Amino acid sequence: ADLVAKVAGDLLHDNVWFVRAQAARTLGELKKPELASAIVPLLSDAQWWVRQAAKDALQALGSSAAPSIIQALDSPDRFARNSAAEVLQNTGILHSLVIRVARAPQADAADLKLLQKIYIASGETLVAAALRDVPETQQQELWRLLRKPESLQHRDTTRSDTARSDTSHLLNAQAIFPPGFGAGGPFRPEVRRPKIGDDFRPGM
């Protein structure tokens, strides 16, 4: 397994996008949380397939990979931040965080700051879903804290240079984006997912 991890880790930097994607998936299948830090940079890859593979791999590693996933919330790439927030939701970390903060919003500033980062990265949709098990009065207080002007001052509506160049690339390939991307945010392109048989070649 260590040899597989080393080889796959080296292939994360391959020039061919589908090699990078498969390397990420392989690392995810190894179930070694310490590999998460090597996978996270691919959330900003120029290819949607690679970004999706990295996201799937991180989800496969589970909540034990949380430290590396949380670091991606500070990425300059909006796609990476959004994907990291979704991984935190899909691994149950966001739900646990919301419950802790809702019960004692002033008790742990670090928890509240992390929740604010997730909110900024993904919009209201993910947090709203996690709040379903929280009493209404606690929901209102939590929304008040998240929507405070100082909490939103770093919220941006632009994407990184990587993301912008990626958009140009994807428009040439019929604008392939992950389903539901941009929920709660200002960027909501008309898109479709790739289908079997699409002529999707590296460098298109």
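Reply:
**Helix α4**

Helix α4 (residues 48-61) has 14 residues, which at 1.5 Å a residue should span 20 Å; its end C-alpha atoms lie 20 Å apart, in agreement. The expected span is 1.5 Å times one less than the number of residues. Helices here are DSSP runs (H or I, at least four residues), numbered from the N terminus.

This is a predicted model: local features need pLDDT of at least 70, side-chain atom pairs count only at pLDDT 80 or more, and totals for chains, interfaces and linings use all residues. Residues are numbered from 1 along each chain as its sequence is written, and side-chain values use heavy atoms, leaving out hydrogens and water.

Of the 14 residues of α4, 10 are buried, so the helix is largely enclosed by the rest of the structure. Buried means under 20% relative accessible area, exposed over 50%, partly exposed in between (1.4 Å probe, protein chains only). Among the buried residues are Trp-48, Arg-51, Lys-55 and Leu-61. Just after α4, Gly-62 takes a positive phi of about 80°.

Now the packing. The axes of α4 and helix α6 (residues 78-90) come within 9 Å and cross at roughly 30°. That makes the two helices roughly parallel (angles under 35 degrees). From α4, Arg-51, Lys-55, Leu-58 and Gln-59 make the contact; α6 supplies Phe-79, Ser-83, Glu-86, Val-87 and Asn-90. Contact means heavy atoms within 4.5 Å.

Asn-90 of α6 is partly exposed, at 46% relative accessible area. Asn-90 touches Lys-55 and Gln-59, not counting residues up to four places away in sequence. The C-alpha atoms of Asn-90 and Gln-59 are separated by 7.0 Å, though 31 residues apart along the chain.

How values were computed. Axes fitted to C-alpha atoms, helices over the stretch in contact; angles between N-to-C directions. Parallel < 35°, antiparallel > 145°, perpendicular 65-115°, else oblique.
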